[in-house]
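Trainee: I've got a new model open and I'd like to understand how its inside is put together. Could you walk me through it?

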Amino acid sequence: METTSAATDKIRCDACPVMCYIKPGAAGACDRYANHDGKLVRVDPHVILERTVSQGGKLVPFSRSEDWDGKLVHEPSTFVTAIGAGTTYPDYKPAPFIVSSEVDGVDMVTVVTEGIFSYCGVKVKIDTDRYLGPETATVRAQGEAVGHVTTSEYGSQMLSLGGVHHLTGGSKKEGRVTCDTLMDLANCKAVELTIDGGASVVVQAGQPPIVNGVKEERMRVGCGSATIGMFAKQWHGKVDEVVVVDDHITGVLSEHQAGKLLDIADTGIKMKGRRSTPGRYFQVADPGTGWGGTNISDPLAILGPFDKKEAKPGLSMLMVSTTGEHSSYYVLDEALKPVETEMPADLKFSVERIQENCEPALCTVLFMAGAGGSLRAGVTDNPVRLTRSVKDALTRVTSGGAAVYVWPGGGITYMVDVTQMPAGAFGYVPTPALVAPIEFTMKLSDYAALGGHMDYVKPLSEVRGGDDVRPLPWQNPIPGPRA
Amino acid sequence: MTRLPQIALLSDGRRLHLQDGPIDLIVEARGPAHEVRAAYEAAAHRFTGLLDELCAELPELRAAAEDRTALKGVVARRMHAAVTPYADDCFITPMAAVAGSVADEILLAMLSAASLDRIYVNNGGDIALHLGRGEHFSVGLMDRPDSDGLMRAMRVDADDPVRGIATSGRHGRSFSLGIADAVTVLAATASQADAAATVIANAVDLPGHPAIVRRAANELQPDSDLGARLVTRDVGELSQEDIAAALESGAECARQLFDRGLIEGAVLRLCGDMLVIGPKDIEEQRPRPLVLENAVDA
């Protein structure tokens with residue numbers, strides 16, 4: 001796509017003969033191309049379409065006449081599959097009129113709308129072992145409480161932000177800041193959060209976290225003990241001892257089961273912390289942003305003196321963090337003190353191998369909301385039927401065309417990966433509450449059944465009794481995490 | 001590379017999708033299979049190059065409409081004809097009817113090539129209909145299904161004069177001078193419905209109200225046909241009286257158009273409140289406490 005810069009900061013789009021002048025931050029007449037920092041970019045809904053096609057979405061070429069044979073299907077053309085066979089394309093603006101056929105009950109109705117959610121929030125997964133703050137600590141944005149630290153997950157720290165309590169239960173400012181924070185996070189913008197008694201972290205969906213000003217590069221390959229297990233064979237014969245420093249479980253090769261199996265000799269090493277099982281130590285240091293999520297910068301701080309009975313001068317030791325980001329190599333001197341020495345090449349290689357096995361650290365943001373009674377009531381006179389219809393997979397729920405995970409149990413509580421949604425999909429109302437796109441796609445006959453007053457109404461029991469309960473289409477490879 | 005429109009059947013194998021630049025159509029025809037095929041081929045053929053035709057006269061199409069026109073293209077002239085009834089009373093350009101006029105053109109191309117029971121051509125919510133004898137469409141009117149949501153449906157029969165439906169408002173792709181969330185108009189053709197929906201949506205307004213944020217159209221889109229006219233960007237908190245007054249202002253406009261025979265009906269919506277103009281039955285789909293309900297049949 002070429003652009004010609006015209007007067008001032010406008011750009012002229014040449015995607016079609018309308019040749020719109022587009023100002024920075026604005027879109028052209030089609031709403032598909034926009035000026036993003038002086039560059040012409042393609043925006044939704046094709047983001048969704050292209051994803052669908054790249055994931056093997058179904059294309060049905062319509063081609064016979066010479067005029068437009070083949071070549072004309074030069075763009076992904078299955079956007080309806082992105083949100084199901086909706087009657088209009090997945091616009092997240094209201095599409096109030098929908099022509100639908102009632103014959104055969106096979107046409108689809110897509111209720112494209114923007115839901116207003118006061119019961120909503122985001123779950124943030126931050127790929128880091130660095131200490132962000134104690135569990136249940138308050139998370140703040142601009143000084144206002146917007147959520148809390150929740151239970152950590154594998155290699156990741158979790159935040160739970162928003163929710164009705166912060167949106168509407170606190171001060172007016174708290175509600176406004178919470179709403180802004182949620183909207184920015186949901187729209188994939190960077191937000192700086194501070195955690196009481198912990199770190200400051202910049203979170204942006206799909207980007208590495210920045211903890212206390214330092215960008216996190218990698219997730220750890222495993223806990224310290226797991227790392228010993230994974231790499232023991234590669235270390236065998238190249239070094240006498242390996243300590244994998246980890247705030248969770250620090251691993252020691254010579255004592256670890258993996259080392260025992262390789263007949264690795266005892267080294268007389270003395271670890272600080274609390275021994276769990278052989279070669280596995282808890283709490284070798286306090287949590288922090290140093291080695292392996294601990295607060296240490298000198299790894300020798302977690303060792304006591306070597307046992308004179310077992311240790312020998314010349315004994316070699318590798319200390320490495322669970323991401324391979326930190327590593328040092330030591331040789332014991334005559335006094336059995338570890339002296340840092342240049343690391344041999346094959347050990348450097350093993351450290352690089354650890355790094356290579358660490359996935360890029362990212363922040364992920366899942367928007368979570370419940371479609372309440374009023375929203376459902378807007379769709380049908382008997383809201384619980386919509387819920388049941390969703391649960392029975394007769395009605396598909398999407399958010400901005402993106403697949404969602406609907407929680408089992410009561411209500412329609414769903415989660416969606418915000419990076420799978422069109423740019424700028426979220427808005428807010430001053431309530432404060434978030435405005436998020438939500439689409440219910442269903443067979444017209446099902447819809448009639450839901451509405452209950454249309455002349456072609458079919459009792460829900462009749463629908464449910466038949467073969468109409470279909471698998472959700474995104475059990476086929478449609479992108480986005482299944483949460 | 002020559003730019004070509006996107007032409008494909010949707011995955012259901014029944015509906016045709018046509019897209020080129022800002023034009024996005026979903027078409028469905030019903031009738032014998034070979035007739036449907038012929039109609040879709042005619043639609044695809046007519047669609048190819050249609051945007052270029054329009055763009056060739058874009059400066060004139062973006063200028064205020066006058067009684068006489070030098071426009072040549074058949075779609076351009078249809079756009080002009082649709083807006084001319086309003087040109088004496090307000091600023092309007094043929095662009096106000098572009099979506100409906102394109103829908104009408106594709107519908108006509110299909111009808112000239114095949115004999116079909118019924119067809120709709122949906123151009124982003126501006127819809128051209130064909131109904132054979134005894135046929136009808138049921139049209140769902142979907143308001144925002146939030147706390148103020150309403151679901152309504154109506155039936156368009158072959159005997160009705162309605163062959164066009166269009167919606168305009170401040171949430172759409174085009175700018176609005178008014179504050180209506182949506183004004184949906186039924187008219188004899190999609191182009192007429194499109195122009196009327198624009199005019200009525202502009203009339204749903206509260207001039208000078210402090211909660212309404214307006215910006216010059218050309219500040220937002222340098223080549224907007226609205227020039228420096230102020231377009232609605234945001235509507236803050238409105239009282240029930242404000243909402244009623246704004247809707248009534250639009251309703252008065254709609255009643256005049258109805259009396260002049262330019263429209264067959266209209267549904268106006270603002271902040272969850274709704275007004276219905278015209279004889280068309282708009283069935284309410286569900287009982288609800290009518291706190292905000294304010295339906296009036298003119």
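Mentor: Keep in mind that this is a predicted model. Its largest nonpolar core has 105 residues, and those with the most contacts inside it are B:Ala43, B:Ile106, B:Val185, B:Ala196, B:Ile200, B:Val204 and B:Leu268.

Trainee: Which helix gives the largest share of this core?

Mentor: That is helix H6 of chain B, residues 190-203, which supplies nine residues.

Trainee: And what does B:Ala196 touch?

Mentor: Leaving out residues up to four places away in sequence, B:Ala196 touches B:Val185, B:Ala187, B:Leu257, B:Leu262 and B:Ile263. Apart from this core there is another one, of 58 residues, which includes A:Tyr131, A:Ala141, A:Val201 and A:Ala371.

Trainee: Okay, back to chain B: how many helices and strands are there?

Mentor: Chain B has eight helices and 14 strands, and 57% of its 298 residues count as buried.

Trainee: Where does H4(B) kink?

Mentor: The kink, of about 25°, lies at B:Ala81, shortly before the proline B:Pro85.

Trainee: Which residues of H4(B) are buried, and what covers them?

Mentor: The buried ones are B:Val75, B:Ala76, B:Arg78, B:Met79, B:His80, B:Ala82, B:Val83 and B:Tyr86, and their cover includes helices H2 (50-56), H3 (58-61), H5 (98-113) and H6 of chain B.

How values were computed: Residues are numbered from 1 along each chain as its sequence is written. Chains are lettered from A and ligands numbered from 1 in the order in which they are written. This is a predicted model: local features need pLDDT of at least 70, side-chain atom pairs count only at pLDDT 80 or more; totals for chains, interfaces and linings use all residues. A nonpolar core is a set of buried Ala, Val, Leu, Ile, Met, Phe, Trp, Tyr and Cys residues joined through C-beta atoms within 7 Å. A residue is buried if 20 or more other C-beta atoms lie within 10 Å of its own, exposed if 12 or fewer, and partly exposed in between; C-beta atoms are placed from the backbone. Helices (H or I, at least four residues) and strands (E, at least two) are DSSP runs, numbered from the N terminus. Two residues are in contact if their C-beta atoms, placed from the backbone, lie within 7 Å. The bend at a residue is the angle between axes fitted to the seven residues ending there and the seven starting there.
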